[in-house]
Amino acid sequence: MKFKAPVTKNETYDVTIMDLTYQGMGVAKIDNFPIFVANSLPGEEITMKVTKVAKTYAFGRVQTWKSKSPDRVEIKDKQYTQTGITPLQHLAYPAQLEFKQHQIQELFYKAHLDEVEVSPTVGMEKPYGYRNKAQIPVRSVNGQLTTGFYRRNSHDLVPIEDFYIQDPEIDKAILVVRDILRQYHTAPYNETNHTGVIKTIMVRRGHFTHEMMIVLITRAKKIPMNFEIVEEIRKQLPEVKSIIQNVNAAQTNVLLGKEEKILWGSNVIHDELLGLRFAISADSFYQVNPVQTDKLYDLAIQKAGLTGKETVIDAYCGIGTISLAMAKHAKKVYGVEIVDKAIQDAKINAKLNDIRNVRFTVGKAEEKMADWQHDGLKPDVIVVDPPRKGLAPEFITAAAEMAPKRVVYVSCNPATLVRDVQTFMDNGYHVAQPVIPLDQFPQTPHVESVTVLEHK
Ligand SMILES: C[S@@+](CC[C@H](N)C(=O)[O-])C[C@H]1O[C@@H](n2cnc3c(N)ncnc32)[C@H](O)[C@@H]1O
């Protein structure tokens, strides 16, 4: 018999929100059928309209609140709820920190790893204006080149000038560049027809150095009047040290293309972390919350328990930030990273800081581990900081066979963390101390954490 959902599209229902998903959506249930409702919080009684019905779930939109959560923060500017750039902004910050702690704890419970404890989340004093990087789509709105962000589940641009979680100097720079592009009649990208010149403005700013990089991501190879545009950017934004054009002619959601032209200045900017200086390219990974990154790396170093005698592997090392921070406390550090450009930056960074006991290699961490193991490398500590998909199983096998005393796992995705911890446990490791969540992404549901695994 065909299953019939207990709700109908465009009908309204009175419900009580029971839970909050990992994406920050409220969850209501009718006859055990889950309905996900943005901008609603556990305990709230609402009237909602069903906007979409799928086989096993539906989406709804709040129409009115009958009661509100004591943890609710009212959002005055509707562009934040329209776009979802800050999906947890309606939740008070202390409750956001608890939500992140519980999220990790729940995932360990669900995996029957009840023995793993999770500490309270390390938060930020000012949980806004923190992002050191922005990637802002440029489109035409009412016939005018406009910057902002996409309306939820669409590619319609909502004009935004204050992005709330970005460094305010970056917000200002975006407006300056937007106005210069308007002045020189640069054609904004049209996604439907795949026409126009400028797709995205990317800005990076060194939190400690105040060096700024502007990347103009274009569909077209040529930016008409590019010389004048560059001169104007330099004149109006004295912090700018690097202006780059990145050509991405493909019709894709991938942001950066392969072709990069330096329009003016350097190909990198610099920033400082834990007293070290780093060169950062347009396409290198660099943590987006510098205030919390200092705490994150400090924690990782502390948890590695280094005495100056250890051999350390830093897998997924990016531009070498953790490797170089650990090098001061270890005998030798080996870093591996898949992006060639990031390793070039890592090598420059070692020189910049006059650090000689690190060796950086380009490659897949899982393959390089097998090579190192084959060559007889015996690390005392392995640090991993993988992307959201976590570690490859062969990485964990190779790591366990090298038998380091300790593995420090920096994770940006608790689901893959729990999966990988389980595999480490199957290979003779245990979680030695409570997992520490650290809020790298306030106002969003993203969760970063540090876990220490030790050989039994
Ligand atoms: C979360 S970032 C961490 C970077 C660095 N530890 C930091 O804090 O700046 C993950 C890094 O893993 C790299 N990466 C992704 N897949 C990889 C793989 N299979 N092997 C090695 N590195 C990889 C990415 O390019 C990225 O630089």
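**View A. Residue classes around the ligand in the predicted model.** The shell residues divide into 13 nonpolar, 3 polar and 3 charged. The model is a predicted one. In total, 19 residues surround the ligand. The closest are Phe285, Tyr316, Gly318, Ala365 and Asp385. Two elements give two or more residues to this shell: α6 (321–327) and β17 (332–337).

**View B. Domains of the protein chain.** The domain assignment gives domain 1 (12–72), domain 2 (133–273) and domain 3 (289–455). Between domain 1 and domain 3, the C-alpha centres lie 39 Å apart.

View C. An unreviewed UniProt entry lists residues 6–64 as "domain: TRAM". Over residues 6–64 the chain is 56% strand and 0% helix. The end C-alpha atoms of this stretch are 21 Å apart.

**View D. Helix α10, end to end.** Helix α10 covers residues 414–426, 13 residues in all. At 1.5 Å a residue, α10 should span 18 Å. Just after α10 comes Gly428, with a positive phi of about 90 degrees.

**View E. The buried residues of α10 and their cover.** Which residues of α10 are buried? They are Pro414, Leu417, Val418, Asp420, Val421 and Phe424. In an α-helix, residues three or four places apart point the same way, because there are 3.6 residues a turn.

Methods: Residues are numbered from 1 along each chain as its sequence is written. This is a predicted model: local features need pLDDT of at least 70, side-chain atom pairs count only at pLDDT 80 or more; totals for chains, interfaces and linings use all residues. UniProt positions are given in the numbering used here, feature names are shortened, and annotations may be inferred rather than shown by experiment. Helices (H or I, at least four residues) and strands (E, at least two) are DSSP runs, numbered from the N terminus. A residue is near a molecule or strand if its C-beta atom, placed from the backbone, lies within 6 Å of it. Ala, Val, Leu, Ile, Met, Phe, Trp, Tyr, Cys and Pro count as nonpolar, Asp, Glu, Lys and Arg as charged, and the others, Gly among them, as polar. Domain bounds come from an automatic or database domain assignment. The expected span of a helix is 1.5 Å times one less than its number of residues. A residue is buried if 20 or more other C-beta atoms lie within 10 Å of its own, exposed if 12 or fewer, and partly exposed in between; C-beta atoms are placed from the backbone.
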